[in-house]
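Trainee: Could we go through this protein together, one step at a time? I would like to learn how to read it.

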Amino acid sequence: MSEERFGEFVLVRRHGQVAELVLDRPKAMNAVSAEMARSIVAACAALSADREARVVVVTSSHERAFCVGADLKERNSMTDAELVRARPLSRGAYTGVLELPMPTIAAVHGYALGGGFELALSCDVIVADGTAVVGLPEVSVGVIPGGGGTQLLPRRVGAARAAELIFTARRVEAAEAHELGLVDQLVEAGQDRDAALALAERMAGNSPVGLRAAKRALRLGHGLDLRSGLEVEDAAWRTVAFSGDRAEGVAAFNEKRKPEWPGE
């Protein structure tokens, strides 16, 4: 296993074909400061360009929190002009995770609130343990979810449920979060990281070309009418139909062996 640090607050660990993006600002429960946002942007840019990384798992180094959202102490010291200048960087951290081209899994324990939950929502799948507490409490401090929450949450749970959760600013504990679809897989306390890495390993055994194309079709087709969505799917299919991965996958199936994906 190799490690690479991006700034002071983000670490990327390599587990073969799985990359683990670790939120590593434990003294602040991973509150996203400007410096941490910059680190997330840099890590996501590196991962996006990495053809060896087939799946990314986002984890936390803090034992009681995934991420508590924006660094409100830092925000409180900002002038209006500074807040405006900081916005593109803050937004870039969330879109950096959202736009990773490979499948992404969030491993959530403890608090995942505000921007912390938005980082999880930016992933394709959320694995949470029994200690997880999630929510978008931004209206309780005079703002709104600004890391994608108003758009990503209704895509998960529907417009009315998202409205209720955002307008009440309430925190949702693990069992209810799973029941409502705020998280996808619920595991025993302390098992979120292991479960997420195991799921990532299962995904990573498949064609990297296929994984990226399938994600592209899922993301681009969401919200379109059926006819348009099927066109998106067809375009994605055409990118894999003549790939080395498809040739290897078909050959391996017929030869009853495990495929050795060329990744192209």
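Below, we talk through some strands, a pair of helices and the cysteines of this predicted model.

Trainee: How many residues of strand 3 are buried?
Mentor: Good place to start! In a regular strand the side chains alternate between the two faces of the sheet. In strand 3, V18, E20 and V22 point one way while A19, L21 and L23 point the other way, and all are buried. Strand 3 is therefore largely enclosed by the rest of the structure, and its buried residues number six of six.

Trainee: Does strand 3 run parallel or antiparallel to strand 4?
Mentor: Strands of a sheet pair through backbone hydrogen bonds, either parallel or antiparallel. Strand 3 is joined to strand 2 by six bridges in the antiparallel sense, with V10 standing opposite L23. On strand 4, T59 is the bridge partner of V22. Six bridges link strand 3 and strand 4, and their direction is parallel.

Trainee: Which residue in the turn between strand 2 and strand 3 has a positive phi?
Mentor: Strand 2 covers residues 10-15, and strand 3 covers residues 18-23. The two form a hairpin with two residues between them, and the one in the turn with a positive phi, about 65°, is G16.

Trainee: At what angle do helix 1 and helix 3 pack?
Mentor: Two packed helices are described by the angle between their axes and the distance between the axes. For helix 1 (residues 34-48) and helix 3 (residues 80-98), the axes are 8 Å apart. The contact includes I40 and C44 of helix 1 and L89 and V97 of helix 3, and its residues divide into eight nonpolar, three polar and one charged. The crossing is left-handed, and the angle is about 35°.

Trainee: How many disulfides does the structure hold?
Mentor: A disulfide is a covalent bond between the sulfur atoms of two cysteines. For C44, the nearest cysteine sulfur is that of C123, 8.8 Å away, and C44 is buried at 2% relative accessibility. The sulfur of C67 is 12 Å from its closest cysteine sulfur, in C123, which is too far for a bond. The number of disulfides is zero.

How values were computed. Residues numbered from 1 in each chain as written. Predicted model: local features only at pLDDT ≥ 70, side-chain atom pairs only at ≥ 80, totals over all residues. Heavy atoms only, no water. Axes fitted to C-alpha atoms, helices over the stretch in contact; angles between N-to-C directions. Helix = DSSP H or I, 4+ residues; strand = E, 2+ residues; numbered from the N terminus. Left-handed = near helix turned anticlockwise from the far one by under 90°. Contact = heavy atoms within 4.5 Å. Nonpolar A, V, L, I, M, F, W, Y, C, P; charged D, E, K, R; others polar. Disulfide = S-S within 2.5 Å. Buried < 20%, exposed > 50% of the residue type's maximum accessible area, 1.4 Å probe, protein only. Pairing = 2+ DSSP bridges.
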